Amino acid sequence: MNNLQTLKLELDKLNSTAIVDQPLAKYTTWRIGGPADLFFQANSIDELSIAVRKANELQIPYTILGWGSNVLISDEGIRGLVIKNASREIEIKGKIENIFPSPKEIKARLNSVDKEKFYNFDDLDFDESQYPAIELTVASGVYLPYLINISIDKGITGLQWFAGIPGTVGGAVYNNIHGGTRFFSEVVKSVYVLTEDGEFKTLNKDELNFDYDYSIFHENKDVILSVNLILREGDKERARNTSIAWATRKRLQPANSAGCCFQNIEKSLQENLKLESNSWGYIIDKVLGLKGKQIGKAKISERHAAFIETQPGASSRDVLELFETIYEESEKKLGITPKTEIFFLGFEEFEIKKYTTSSKQRTTP
């Protein structure tokens, strides 16, 4: 019996979701991905931590999937164990007295030329600091839209600006997601992790190095198990209306995609290049002229050019070839290349290196 078979037997003791050669396409919003050597769905924090520790004991590499909304999985699949994080525990711990400020102010890059259609956030933002603070502990696998809805139902507000984002709480922390000009780090108190050394540890907010689309988890192998959030007992109806309004605007964005593929450029660079917007959607559409470009079963969206849509039968190769087209044209016409917001899983380094390094930018027009 090899180590993978041994691991399957161990995981079968937890629940019956350990599957050999499981196709991964259905676990991503792009509906792309080859098989996992071994797939396991962890339905609780305990199952998640046990699966990781067992894999480490048997020296089997593991990959954790949340909602799969910003990942591209290779057509060849992923070697080792793939854990679908479906942990679902939520605990309302109660009111707290003090809230500490964010250790670092993060600036959102939000400058659209079409605010009527897409990212008009100004009328939805408001201050809630006058309301009592309340602490929640939430498992990393909890689906964020579900958490937003049930928390508002209970009169707990502060997450409404992240409506319409399909992902888990763990993913929200990992990539410090932003809704309009709000960042998820604003509501994080601490994170409970399983370290790469196999220890359980609580990391406070000031240890997480939050930045634009970034956290310390990009650099280490700690597994996020749960998150302590500081929210508000605020205006329930206003929060609900804001959540609905923001999610409705985001529905204008394309389906069958992995979300926006590229980070907006710095506003200083926008000014140097004399661009009307710092959005890659604008650049790909109006400057590069690539909106609607299709390769295979993947297409640069007609609705928002920073999104790539897929049709049944699409492959990761189709998406990578569209990335290559965008990179070549932006290098040629502007002297810059995008920085992706996508995580690439199961690829050889040479296949994706140019898309995972920092964007090339010039400082003069």
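One aromatic cluster is formed by Phe262, Trp280, Phe323, Tyr327, Phe344, Phe347 and Tyr355. Rings of Phe, Tyr and Trp (its six-membered ring) pair if their centres lie within 6.5 Å; planes under 30 degrees apart count as stacked, over 60 as edge-to-face and the rest as tilted. The model is predicted: local features need pLDDT of at least 70, side-chain atom pairs count only at pLDDT 80 or more, and totals for chains, interfaces and linings use all residues. Residues are numbered from 1 along each chain as its sequence is written, and side-chain values use heavy atoms, with hydrogens and water left out.

**Aromatic pairs**

- The count by the ring rule is 14 aromatic pairs.
- Tyr192 and Phe200 make a stacked pair, 5.9 Å centre to centre with 15° between the planes.
- Tyr192 is partly exposed at a relative accessible area of 32%, and Phe200 is partly exposed at 38%. Buried means under 20% relative accessible area, exposed over 50%, and partly exposed in between (1.4 Å probe, protein chains only).
- Phe262 and Trp280 form a tilted pair, because their ring centres are 6.3 Å apart and their planes stand at 55°.
- This pair links distant parts of the chain, 18 residues apart: Phe262 sits in the loop between helix H5 (236-250) and helix H6 (267-273), Trp280 in helix H7. Helices (H or I, at least four residues) and strands (E, at least two) are DSSP runs, numbered from the N terminus.
- Phe262 is buried, with a relative accessible area of 1%. Trp280 is buried too, with a relative accessible area of 1%.

**Trp280 and helix H7**

- Trp280 belongs to helix H7.
- Leaving aside neighbours within four places in sequence, Trp280 is in contact with Phe262, Gln263, Asn264, Ile265, Leu288, Ala306, Ser330, Ile336, Thr337 and Pro338. Contact means heavy atoms within 4.5 Å.
- Trp280 and Gly198 are 82 residues apart in sequence and 40 Å apart in space, C-alpha to C-alpha.
- Helix H7 (residues 280-287) is mostly covered, with 6 of its 8 residues buried.
- The buried residues of H7 are Trp280, Gly281, Tyr282, Ile283, Ile284 and Asp285.
- Those buried residues pack against strand E14 (298-300) and helix H8 (316-334).
- At the start of H7, a side-chain oxygen of Ser279 comes within 3.0 Å of the backbone nitrogen of Gly281.
- Just after H7, Gly289 has a positive phi of about 65°.

**The E13-E14-E15 sheet**

- An open sheet of 3 strands runs in the order E13-E14-E15, with antiparallel pairing. Two strands pair if DSSP finds at least two bridges between them.
- Strand E13 (294-295) and strand E15 (308-310) are at the edges; each has a single partner strand, so one side of each is left without a neighbour in the sheet.
- E14 and E15 run antiparallel and are joined by 3 bridges. Ile300 stands opposite Ile308 in E15.
- H8 lies across E13, E14 and E15, at about 30° to E14. Axes are lines fitted to C-alpha atoms, for helices over the stretch in contact, and angles run from 0 to 180 degrees between N-to-C directions.

**Strand E5 and its partners**

- Strand E5 (residues 78-85) is mostly covered, with 7 of its 8 residues buried.
- Strand E2 (residues 35-42) and E5 run parallel, joined by 6 bridges. Ala36 stands opposite Ile78 in E5.
- Strand E3 (residues 62-65) also pairs with E5 in the parallel sense, over 4 bridges. Leu65 stands opposite Lys84 in E5.

**Charges over rings**

- Arg182 lies over the face of Trp161, at 3.9 Å from the ring centre.
- Arg238 lies over the face of Phe126, at 3.8 Å from the ring centre.
- A charge sits over a ring if NZ of Lys or CZ of Arg is within 6 Å of the ring centre and within 35 degrees of the ring normal.

**Thr195**

- Thr195 is in the loop between strand E10 (188-194) and strand E11 (200-204).
- Thr195 counts as buried, at 11% relative accessibility.
- Not counting residues up to four places away in sequence, Thr195 touches Lys201 and Asp222.

Key. A polar contact is a pair of N or O atoms within 3.5 Å; within protein, one must be able to donate a hydrogen and the other to accept it, and residues adjacent in sequence count only if both atoms are side-chain atoms.
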